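Please look through the points below with the structure open beside you. They are meant to be read in order.

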Amino acid sequence: MSTIEANKQLCREYFRAFIARDTEWMKRHISPDFVRHDPGLPFEVRGPEGVAKLHDALMPAFPDMELPLQDFVGEGEKVLVRLRVKGTHTGAFGDLAPTGRKIDIGVLDLFQFRDGVLIEHWALLDNLGLLKQLGALPA
């Protein structure tokens with residue numbers, strides 16, 4: 001398997017590990033120096049512990065979350081993944097009380113790997129669409 005194909009597989013595994021809060025996978029495949037660049041988050045995501053913290057912030061709000069993966073583009077150390085985030089808002093999400101509403105938003109995630117370890121991640125989510133779907137902003 002080429003390095004690019006191996007990195008695409010690591011992306012697939014990352015999303016499964018995220019949903020399952022598989023901290024053992026995270027410790028093995030996410031660098032302690034890892035950083036996620038995400039302007040929509042009110043906190044910093046660093047290292048495997050930061051990814052677990054992100055899980056703990058999102059999954060209680062959307063416990064039925066699904067992450068359908070749609071496209072993978074790889075070049076060098078980087079893989080771009082286009083996916084959706086789907087779920088039902090049944091728990092607190094930041095200051096927003098549960099609404100019972102369904103969400104379905106687009107996401108572009110750019111991952112950088114080195115020697116089979118995730119070292120950096122740039123996330124671009126449709127946060128405006130998310131807030132509209134949750135009723136926090138007018139549609």
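This is a predicted model: local features need pLDDT of at least 70, side-chain atom pairs count only at pLDDT 80 or more; totals for chains, interfaces and linings use all residues.

1. The partner of Glu24. Glu24 forms a salt bridge with Lys27, and the closest N and O atoms of the two are 3.6 Å apart. Both residues belong to helix 2, where three residues, about one turn of the helix, separate them. Lys27 has a relative accessible area of 55% and is therefore exposed.

2. Salt bridges in the whole structure. How many salt bridges does a search of the whole structure find? The search finds eight. The pair of Lys27 and Glu24 is one that can be checked by eye, with its closest N and O atoms at 3.6 Å. Two others are taken up in the next points.

3. Arg82 and Asp71. These two residues form a salt bridge in which the closest N and O atoms are 2.6 Å apart. Arg82 is in strand 4 (residues 78-88) and Asp71 is in strand 3 (residues 69-75), so the pair, eleven residues apart, links distant parts of the chain. Arg82 counts as partly exposed because its relative accessible area is 37%. Asp71 is partly exposed as well, with a value of 36%.

4. Asp56 and Arg21. Here the closest N and O atoms of the salt bridge are 2.7 Å apart.

5. Positive phi values. Asp115 is not a glycine either, and it has a positive phi of about 55 degrees. Asp115 is found in the loop between strand 5 and strand 6 (117-125). With 77% relative accessibility, Asp115 counts as exposed.

6. Helix 1 and helix 3. Two packed helices are described by the angle between their axes and the distance between the axes. For helix 1 (residues 3-20) and helix 3 (residues 47-58), the angle is about 55 degrees and the axes are 9 Å apart. The two helices are therefore oblique to each other, and their crossing is right-handed.

7. Leu10. This residue is found in helix 1. Is Leu10 buried or exposed? Leu10 counts as buried because its relative accessibility is 10%, and buried means under 20%. The C-alpha atoms of Leu10 and Ile30 are separated by 10 Å, while the two residues are 20 residues apart along the chain.

8. A nonpolar surface patch. Which residues make the nonpolar surface patch of about 340 Å²? Val73, Leu80, Leu108 and Leu124 make it. Leu108 lies in strand 5 (residues 102-114). Its relative accessibility is 34%, so Leu108 counts as partly exposed.

Key: Residues are numbered from 1 along each chain as its sequence is written. Side-chain values use heavy atoms; hydrogens and water are left out. Patches are made of residues with over 30% relative accessible area and no salt bridge: like charges are joined within 9 Å, nonpolar side chains (Val, Leu, Ile, Met, Phe, Trp, Tyr) within 5 Å. Accessible areas come from the Shrake-Rupley method with a 1.4 Å probe; for residues, only the protein chains shown count as cover. A salt bridge is a side-chain nitrogen of Lys or Arg within 4 Å of a carboxyl oxygen of Asp or Glu. Helices (H or I, at least four residues) and strands (E, at least two) are DSSP runs, numbered from the N terminus. Buried means under 20% relative accessible area, exposed over 50%, partly exposed in between (1.4 Å probe, protein chains only). Axes are lines fitted to C-alpha atoms, for helices over the stretch in contact, and angles run from 0 to 180 degrees between N-to-C directions. Angles under 35 degrees count as roughly parallel, over 145 as roughly antiparallel, 65 to 115 as roughly perpendicular and the rest as oblique. A crossing is left-handed if the near helix is turned anticlockwise from the far one by less than a right angle, and right-handed if clockwise.
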